[in-house]
Structure formats: structure tokens, C-alpha cells
Amino acid sequence: MSELIQALRTPGAAPGTGQVRIGDAVSRVDGRDKVTGQARYSAEYVPEPDHAGLLYGVVISGTIARGRIRVLDPAAALAVPGVVDVIWHENRPKIRSFDIFYKDMTAPGGSPYRPLYDSEVHYSGQPVALVVAESFEAARHAAALVRVDYDVEPHETYLLEHQGRAKKPSRLKAGYTPPPDVKGHPDEVWDKAAVKIEASYYSGVEHHNPLEMFATTVLHGADGHLTIYDKTQSSQNSRWYVSHVFGLSKDKVTVRNPYVGGAFGSGLRPQYQLPLAVMAALKLERSVRVVLTRQQMFTFGHRPETQQRLKLSADADGTLTSIIHEAVAETSRYEDYVEVVVNWSGELYACEHIRLGYKIVDLDHASPMDMRAPGAAHGVHALEVAMDELSYALNMDPLALRLKNYAELDPTHGMPYSTKELRECYLQGAQRFGWERRPLEPGTMREGRELIGWGMATGMWDAMQMFARASAVLHADGSLVISSAASDIGTGTYTAMSIIAAEAMGLPLEKVRFQLGDSTLPVAPIEGGSSHVATVGSAVAGVCEKLQKSVFKLAKDLPGSPLATARLEDVEFADGEVRLRGIPGTSVPLLQVLGGLTAPLEEKYLMLPNMLKQMKYQRATHSAVFVEVRVDPEFGTVRVTRVVSAVAAGRIINAKTARSQIIGGVVWGIGQALHEETHCDHRLGRFMNHNLSEYHVSVNADIHDIDVLFVQEDDRIVSRIGAKGVGEIGQVGVAAAVCNAIYHATGQRVRSTPMTPEKVMRA
Ligand code: MOS
């Protein structure tokens, strides 16, 4: 806890003072707006100028898991004063039919769900109607009066019951990598091995639960233009979706998401409140706001229920001889949601014999969705618990086992890693934690009634780069505006991009403004996969390099310029000057260069990843996580009292917010380990604990010391700025380290998450 509070108190450089550099600890440039309420979220916009005429839509959620809507009777709702309309599939405005129009930029393979399209019900909680009224209260009251009758069909919602139907995903999305074919002869090797383990691991459904509810405000312009404030991880993805679903030209729709109150993957795809709000706006030619309830936040996707089986074998000295990892996960009936669950097991440890398998079972749920570190959160968990089990079978220290099998080349493809400072993570993390004082024997540390255990695990996540554009405008007063349709879902994009630009141009942070969150800005990818800094940051660096060239040329051409004969590579931009590196006094103030301008300097840049170079390397972030737990054996309660997370994620742009990202990821890992699970009543096919009192996320009382350290790494293959990304790596491995620490404390192995007290007691 003290660490967390300390992090909150760490001042960081106040925005605007002095020359900021990449790697400094900088407070958020949008921090003041956020804490003073100036930052507005999607549900907080109103029609200008008079704030009048906003309609409120309330979603009616279906109550059956599979079947058809037989009758929907809106009469009682329409009789409520203030109610303007009840919109359902029979009276909605025209929307398109074909799948292709519903494919957002991250859609899995299959037929996307089409909200209010027809009478078919695909899952419990599916929206069946939207009640629209002059006030939220009238809409909410009226929504309770709408009668919906269904023809109910039998449903299947429990993965473990229907595993027999597991199949290989056939409808794949672009960019998904299926697990590779078998390497060597893993089954034969495992069968004959002297030391081996075999275990199954189960992980329940989890929901994202960002603080901000999904919400859309559609401002209907007099000219019919729609300005849409949407909670999303990409304004351009939502814009694309609305244009396609409703057949509207691109210039009739603008989507904005300047502030997003957390998303964690739930906003990678447009959510149904967006098309519902647009339907109402188009039908009624009014401005409309639709905000989901916390219960409805459990009705559009989740981290999939997953069952895994691991088999590992080793020689007596700890050399891994085989890895067999198979997973079965749920998807919906209409899409093949896929994630990379098992591939990590072929990318982390040197091993000659590897077999990986991944299958899905279609169930009557909404399609699962990416949720922070999708696939790795489960897959690396199972691998890292299995490695711990193997270490006990070998009577070997779990860290020593990892070091023994350290992969210098990617075991699956034989490729080098672009950078991989995992060994340093192990060593520095272990030292910080005090790992060498750990007794090998479980159940040997105790304080009062609590058993103490120390566990560790490895983490791994992709280091991806997409493509992006950025534009820059440098004004005569030295103020710089950089724009890209990026997002900041709370991760610190505004600040990181401002730092990159300020350093490049030698400006104080206060002179730089980074504009994001608007679909009309230069193209940027969805903020996801921990790739935004490597992607958008590289575009920002690229556009600034073009600006530097223009400024340098102007500086050279000034009468009597000390830089007249200089070359660009000899100068640096810092402290408001363009100056010769290492030669004091040979400088030109930036303001003097810009002073003569009659128009601002403008540049544009398209950043395309160097795919030919990148594909020759395995590109990933790594971490080593060390955890102390205290277990009360009589109650089965677990406290995670100490965590050290040592991370190798390339160059760190903002030391303060990067650390916050890792702390947040660790908190998520503790939630995965101990608290988070959405329970389905399979008789109804419905998630029952759909609220924050019964769906438990970690709270302050659950969080104790979290120590983050970044090891030195600089990866110019992943990105020109050397960064890899920190959004997800912080979570991976944490739950496994907790599980392994529980074993070390108690000698009991819990092979299902979350590891709630009744499981810890009966393990
Ligand atoms: Mo993340 S699950 O790619 O938003």
C-alpha cells in the first residue's frame, strides 16, 4: 500500500518546467483537468449552445439466453409522460444486413451480432429495445413497463459441460496466430521421462469493469451531421462502424473520445449503446444519450472461461525436455473469438519437444472479448504454475529452473529476440525481493496464525507496432500542436506523446499540446495490445524529425547564423535552442528562428512499421514477478503482502505513468488470482453477480507493497523510439506467482482461478 500511496504522491516534473526528456517521471498533462472535473466523458456532453433538447435512451436487456422475441408491447411505456419512442427491431430505422457492414476493425471471424436487427436472441442480456424520453427518469421508468414475450429455446452456457464439442477455430481474424505445429516428439519424450508433471487449470469468466460506464452521446446537427461522443478505444473504429451499419458517408459522422475512463479491451469493439443511440438520433432527428447501467456492463463480452492441460518433463538436472499445452476456451455461436493462449509456451523456454493445442466451444453467450493481456493472462498463468510444479518434482529452486532453461533464441521459430533482458529481470527482481533467503521446502515460514509463502513467475507479452499518421503545427511563439486520432484510455497517451515531441523539439512540456480522440485527425490504430506508444509515439517522433529539418534549414539561413555550415546530425534541439552539440555558445534560439515566419510550420508523417526487419525477430516484453503471500490456513484467506515486478519493456517514455501501468497490471493480477469471477446460473444462462458488490475487484484493503523496477532495454527494432509498451505486461504472471506462493506457504496447489478461500481450504 505504502508504495501505491507513494506513487500517487511522487510529484514528477510538473508539466511545463524546463526541458523534459524521454524517461523522466512526468505528471499527467491532463491530470488537472481530470481531478477538477474539466475532462468530460462521453455521457457528459450536451447539445450546444443552449443545452436543450437532449433525449435519453434506456436499454431494455433481454432475459432469455436463446430464442426469439414473440411480442414486444410498448403501449404502457409510451403512455408515460415524456416518453418519445420505444425502438425495437420492428420500428427501428433502416440498418444494413450483411456481416461485412458490422465488422469493426477488431472483429473476430464470423457473423457479428447486429443490435436490434431482428427477433433473434443470442444471449442473455442482449439489448431488445431502447426507450427514449425527454428525461432519464421517464425513460428508466418506462423501460420497466415494456412487456417482452419470448419463444424460448434450450441454451448451453457451461464450457466444462460442452467440452466435447471443442473444435479448432475456423473463422479466424486477421493478425491472429494459431499455435504452431508440433516440434520434435513431445508425447514420446514425456512418456519416457523420469521427471514429469501433468495438471489441468481452470479459469472462470471475468468482466472488464472499467470505472466509466459505456456511454454514447449523439449530437444531431441541424445539417444532419452526427457528432458522437463515444466511450471507445478508437474514435475511428466507431466512426467506421456507424458509417457502415447505417450507410452514412464518412463526412456525415464524427466520433470523439477525448477522455476514456478505463476500458481494458472492452472498448476495442464498438458496443451496442453506440448503434442504439445513433438509431434514435436518426429516427427522431434529435440529440440522444445512452448510458449503460453497471449490470449492462456485463452484457457484451468478457474474458472467456478457459480450461487448460499442461504436461512438462525434465532431465534430473532440470533441463526441460517436453512441453505439451492444450487449451479449450469458449466463444459465442456467431463468432469464433480467438486469443493466443498456448503459443507463449513455445516462446519462453528452450525446449526441443513442444506440442500446443487450442480449441473453442461455441456457447450461448455474447462473444468473449480481449481483456487486458488476453490469452497470456490465462496461458502464461498455466505454464508458470506448471513450471512451479515441475520445480518441486525436481526439488529445484523455481527461479533456478527458469534460468536453467533460459531461451536465447525463440524456441518455436529459432529467431533471435529483438531485445530480451529477462535474465536481468530475474536477477534484479530476485535481489530486490530477497529471494535467496527463500527456503526450498513449502510450509516452513509462519508468523502467528499465518503461513507465509514466496512464489515467482515469468511474464511475457507482445511488443507490437501498427501504423499511424501524425501531423504537426509549430507556431511562431514556439507552441507546438501534434495531432493523431489516438486514444488515451487512462494510460497516459497525452503525456507520453507530449514528452516525445517536447524532447525532439527542445521545448518545455507546456508548449506542446497533443490532440487525440477525434476521428477527423490523422489515422491512428485502436489503442490496444500495448502498442500505442511504439506506434503513435513513432509517428510523433517522425513528424518532429521533419519539423527539425525545416527549423534547422531556417536557422542556417538566418543572417550571420552560427549554424551556417553545420549539418543536421551535429545539432540538437534543447532548452528552446537549436545548437551545435558539445560546443557551447553556437546556438540559435528557436523563437528567433520562428520569429520571421508568416505562417506556422506544418508537417505530416506516415509511420509504417519496418515489417521486413521486424519479422526476423521475436518481439516481446518480459517480466519476472516475485510475490509474498500470507495465508490463514483455517479460513483459506490469502493476503498478497509484497510484490516485486521487474519489467523489460524497451525504453520507458514516462517513468511515472509507466510505473503506474505496471502497478495497475499487478492489481489486476491480484484480482485474477484471488477475486474476479463472473458466475453464470446455467439454468438461466445468465451472469448473476453483475454488480460491483458481488463481482469482486481488488480494493485498497487487498493491495499492499508493490515494487516496480524497469531493467534497461532499448529496442530499435520494435520502434524508432526504443519503446515496447507497458499496458499489459504488468498483469502477466502475477496470478501464477500468487498461486506458487500459496503452494510455498501451504503445500497445497490450487489449480483454478480465482483462488477463493474455499478452494485454498480444500486444496
Ligand atoms: Mo487491450 S485487451 O488490447 O485493450
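Q: In which strand is Glu602 found?
A: Glu602 lies in strand 25 (residues 601-607), where strands are DSSP runs of E with at least two residues and helices are runs of H or I with at least four, numbered from the N terminus. The model is a predicted one, in which local features need pLDDT of at least 70, side-chain atom pairs count only at pLDDT 80 or more, and totals for chains, interfaces and linings use all residues. Residues are numbered from 1 along each chain as its sequence is written, and side-chain values use heavy atoms, with hydrogens and water left out.

Q: Why does Glu602 count as exposed?
A: Its relative accessibility is 52%. Exposed means over 50% relative accessible area, buried under 20%, and partly exposed in between (1.4 Å probe, protein chains only). Glu602 therefore counts as exposed.

Q: Which residues is Glu602 in contact with, leaving aside its neighbours within four places in sequence?
A: Glu602 is in contact with Ala472 and Val473, contact being heavy atoms within 4.5 Å. The C-alpha atoms of Glu602 and His475 are 8.8 Å apart, although 127 residues separate the two along the chain.

Q: What makes helix 15 oblique to helix 16?
A: The axes of helix 15 (residues 655-674) and helix 16 (residues 734-746) cross at roughly 50° and come within 7 Å. Axes are lines fitted to C-alpha atoms, for helices over the stretch in contact, with angles from 0 to 180 degrees between N-to-C directions. Angles under 35 degrees count as roughly parallel, over 145 as roughly antiparallel, 65 to 115 as roughly perpendicular, and the rest as oblique. The angle therefore makes helix 15 oblique to helix 16.

Q: Which residues of helix 16 make the contact with helix 15?
A: Val734, Ala735, Val738 and Ile742 of helix 16 meet Val666, Gly669, Ile670, Gln672, Ala673 and Leu674 of helix 15.

Q: What makes a set of residues a nonpolar core?
A: Such a set consists of buried Ala, Val, Leu, Ile, Met, Phe, Trp, Tyr and Cys residues joined through side-chain atoms within 4.5 Å. The largest nonpolar core here has 96 residues, and Val629, Val738 and Ile742 have the most contacts inside it. Helix 8 (residues 376-394) supplies the largest share of this core, 10 residues. A second, separate core of 55 residues includes Ile22, Leu563, Ala566 and Ala723.

Q: What makes helix 6 oblique to helix 7?
A: Helix 6 (residues 235-246) and helix 7 (residues 273-284) pack at about 50°, with axes 11 Å apart. That angle makes helix 6 oblique to helix 7.
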